[in-house]
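Visitor: Could you walk me through this structure, step by step? I would like to see how its chains meet.

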Amino acid sequence: MSTMLTVDDLRVSFPTRTGLIEAVRGVSFTLGRERLGIVGESGSGKSQTGRAIMGLTPAHAKVSASKLNFDGIDLLTAPAKVRRSLRGSRIAMILQDPKYSLNPVMSIGRQIVETLRTHENVGKREARDRAIAMLEAVQIRDAGRVYDLHPHEVSGGMGQRAMIAMMLIAGPELLVADEPTSALDVTVQLEVLGILDKLVSERGMGLIFISHDLRLVSSFCDRVIVMYAGKIVEELAASDLGNAKHPYTQGLLNCMPTLGTNRHPLPVLDRQPEWAL
Amino acid sequence: MSQSSLQTVPMTRREWLMSDRPQSRLQARLGRAYMTWQRFSANKLAVAGLCIILLLILIAIFADVLAPHSPVIGNLGGARLLPPGSEGYLLGTDDQGRDILSRLLHGSRLTLLVIVLVAIIAAPIGLLVGAVSGYAGGWVDAVLMRITDIFLAFPKLVLALAFVAAMGPGIENAILAIAITSWPPYARIARAETLSVRNSDYIAAVRLMGASPFRIVLRHVMPMCVSSLIVRVTLDMAGIILTAAGLGFLGLGAQPPLPEWGAMIASGRRFILDQWWVATMPGIAILIVSLGFNLLGDGLRDALDPRESGQ
Amino acid sequence: MTIPETTQLAGRKRARANGWAKSVLRFLVIIVTTYLGLLAVTFFIGRVIPIDPVLAVLGDRAPAHVVERTRELMGFNKPLYVQFYLYVRDALTGNFGTSVLTTNPVMADIRRVFPATLELATFGTIIGSLIGVPLGVLAAVKRGSIADQIVRVVGLVGYSVPIFWLALLSLLLFYAKLRWVAFPGRIDIVYEYSFTPVTGLYLLDSFWQGQWDVFRDVFRHIILPASLLGYFSLAYISRMTRSFMLNELGQEYIVAARAKGLSETRIIWGHALRNAAVPLVTVIALSYAGLLEGSVLTETVFAWPGLGLYITNSLQNADMNAVLGGTIVIGSVFIAINILSDLLYRTLDPRTRAR
């Protein structure tokens with residue numbers, strides 16, 4: 001499997017009034033046409049890793065790496081225009097909460113068409129048709145009606161599906177999903193995941209699935225990276241999780257309740273300071 | 001950062017103020033004040049605003065000592081309409097031979113008087129109305145807020161004009177007129193703060209202890225509104241000064257020969273072509289003081305509520 | 001759609017109809033109470049405060065029998081609430097009494113002078129928004145830069161400066177020294193006879209009638225006071241635009257828009273400003289109302305024959321009817337603009353529309 005994305009010693013830091021905060025401290029991994037899960041708690045740097053790949057780190061932050069390559073393109077030295085043209089058309093990102101990540105004053109259809117017309121030269125009629133087709137591909141029935149609705153007029157699950165449609169319509173090869181189901185109800189989560197699963201398989205896309213939910217990631221992805229305090233503490237195949245070596249990962253696995261056994265009280269993670277080194 | 005509460009090592013004053021385990025209420029309060037001051041003083045413009053206001057207060061107190069001439073008696077014979085830089089008259093003289101600098105210095109007292117009185121009248125009224133309205137809820141809230149909104153929808157200057165027209169010109173009437181149109185925003189702010197505080201646990205605790213609604217509103221709810229109110233009052237000061245100057249310009253404020261800055265501009269208007277300084281100098285004074293309050297108010301808002309400054 | 005979704009939709013439609021009726025009712029209550037409040041305040045100012053309100057209206061040199069007759073006519077011998085009822089009835093029909101100065105009905109005077117103020121305030125707001133909005137966007141996008149500082153300083157001075165003083169100085173510079181603009185009034189005496197205004201908005205009328213020299217003259221008269229008011233307006237508008245834009249630019253949907261690969265220009269103007277436009281429109285409406293007030297002082301300096309000058313002149317001449325009549329008119333327009341801007345906000349924000 002050829003490598004699509006190479007990340008080597010990625011560092012992201014934010015200057016604040018009280019000092020420099022290092023969100024990502026030397027993360028390295030490669031990705032082919034497979035599914036990689038990045039798991040970590042709040043503040044582990046997983047979201048910032050995803051955004052750095054996309055080039056969406058806030059302007060005042062510092063991003064550096066010894067290598068950040070997508071399909072032969074050096075993302076660090078590429079001019080801003082090139083990076084912009086990659087976004088949406090070759091690398092795409094899904095955000096967490098459609099309540100906030102969709103433009104409230106634009107109709108859903110228009111936002112989807114906007115992605116398409118930014119990257120491809122299509123006429124209005126054709127763009128509308130393709131947008132509706134995309135909405136149907138994410139299993140929104142009555143796509144023609146939803147096309148004209150505004151984000152606050154649809155449910156969370158539908159909004160997230162619209163976001164997926166919006167980001168995948170230009171046919172990207174790599175998808176970064178930043179907590180795509182964390183803002184949804186549990187039942188809706190499974191639906192949305194199913195749609196993601198289908199689309200990613202159909203199109204042969206690479207996927208980076210960022211989440212705090214270890215169990216979810218392990219069932220969805222091929223490989224899992226566990227991050228803590230800006231560093232990768234473990235990297236293994238999803239099927240191999242039982243043989244996790246790092247105490248943090250073991251602790252996370254230990255904390256999950258299981259059916260059929262009485263584990264009272266549930267164990268709590270006992271953090272060791274050396275994990276943050 | 002040490003986790004133990006036993007401080008065996010003597011701390012510097014700064015550490016004592018910033019400690020996250022204050023030993024007394026006084027220490028906690030001083031610590032908060034210190035941090036607010038840190039944020040405030042980091043903003044150079046805000047500090048400049050504060051200096052301007054302090055200067056205004058000092059000038060008002062020491063005007064008698066600072067002013068080289070009398071503000072009301074002028075040298076009609078020998079010193080009419082002298083340009084700035086003339087011997088003994090730093091900013092020139094007006095058409096009655098009065099030293100403009102002295103008039104400006106004494107006029108600061110009038111400005112300060114207006115500000116202080118309007119604040120003393122309008123802010124407590126607004127605070128009371130808003131806090132009572134927010135805490136009581138129901139129809140009391142509805143009626144009080146309707147009244148507040150009605151007053152909010154009125155044009156301030158025009159109403160103050162009509163008010164002074166009916167009551168007769170004079171600085172007391174001008175102050176009253178401005179105060180009457182200034183209280184509504186404070187009521188809204190106080191109400192908003194009260195609503196957010198009303199359902200908190202510590203209010204419920206005080207109520208359980210048997211405190212009457214009066215005591216609760218007075219001693220527990222109102223103090224929470226004070227910091228937002230201070231910011232808003234400071235920011236409003238600039239507008240109040242401008243309104244008072246406007247009234248003075250129209251002859252409705254302090255009457256001659258009192259050296260009210262707005263009235264000075266009006267009397268200097270006739271000579272604007274050749275003796276521009278008579279009308280210009282008072283305007284600069286108004287601009288500086290108004291600017292000072294705006295800068296101070298902005299700085300206070302950013303220091304007291306860091307969310308607003310957006311960093 | 002699934003079955004639960006369709007029933008949800010029908011229920012929402014019903015609730016929307018109910019909510020609509022309720023908000024119309026609430027709207028009416030607001031208008032009525034606010035307007036009554038304004039009339040109550042002016043009634044208080046006109047009848048309750050003066051020691052002898054009749055003398056306040058007639059002046060103190062009126063003969064005794066005229067005073068008595070007026071007292072009868074104006075109903076001062078009746079109880080207060082009856083007086084108020086008559087007062088409200090008169091105000092609603094536009095009867096503000098007669099002006100002592102011009103001996104015309106106050107309403108006729110106001111109708112004559114109001115378009116001048118309207119024209120000034122409108123022109124000023126147009127200048128203020130056309131310049132203020134882009135400045136605010138610039139300051140927000142280039143936050144912390146020199147451009148941002150300059151915009152903020154310009155705005156800061158704008159709402160710290162006494163407008164009548166700035167008006168005086170600008171007249172000194174642009175009229176007395178440079179002769180770039182015309183003064184006083186709205187139009188040169190030369191043209192006053194050849195020009196017949198239709199709407200009372202001279203710029204519009206002369207443009208419509210194709211009288212280009214009149215148009216040029218009117219423009220030279222209005223440009224300075226309108227620019228002054230425009231500066232006032234843009235100080236406020238640019239500050240609010242900056243604040244709203246900063247708020248929008250920090251939202252998640254902007255990150256999503258960037259993730260789609262949109263250009264910065266499109267994001268700023270098509271996404272952020274589109275969202276900021278909603279509260280911005282109300283800000284512009286309120287700024288317009290503020291200019292109506294600001295014109296009171298500006299018109300005095302420019303001898304601009306509008307409602308502001310009318311009120312201040314009446315004031316100097318103790319013409320209470322005229323002062324109160326003018327106050328009610330400005331107050332009514334003020335209230336109308338406030339309410340309209342609230343309405344505008346609700347219609348423009350699709351989130352509130354659904355509620």
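Here are some questions and answers on the chains.

Guide: This is a predicted model: local features need pLDDT of at least 70, side-chain atom pairs count only at pLDDT 80 or more, and totals for chains, interfaces and linings use all residues. Residues are numbered from 1 along each chain as its sequence is written, while chains are lettered from A and ligands numbered from 1 in the order in which they are written.

Visitor: Which pair of chains has the most contacts?

Guide: Two residues are in contact if their C-beta atoms, placed from the backbone, lie within 7 Å. Two pairs of chains touch. Chains A and B do not; their nearest C-alpha atoms are 9 Å apart. The most contacts are between chains B and C.

Visitor: Which helix gives the largest share of the side of chain B that touches chain C?

Guide: The contact takes 35 residues from chain B and 38 residues from chain C. Helices here are DSSP runs of H or I with at least four residues, strands are runs of E with at least two, and both are numbered from the N terminus. On chain B, H6 (138-152), H7 (156-167), H11 (213-249) and H13 (277-304) each supply at least two residues of that side. The largest share, nine residues, comes from H7(B).

Visitor: How many residues of chain C are buried, as a percentage?

Guide: Chain C has 15 helices and zero strands. A residue is buried if 20 or more other C-beta atoms, placed from the backbone, lie within 10 Å of its own. Of the 355 residues in chain C, the buried share is 44%.

Conventions
Buried ≥ 20, exposed ≤ 12 C-beta atoms within 10 Å, placed from the backbone.
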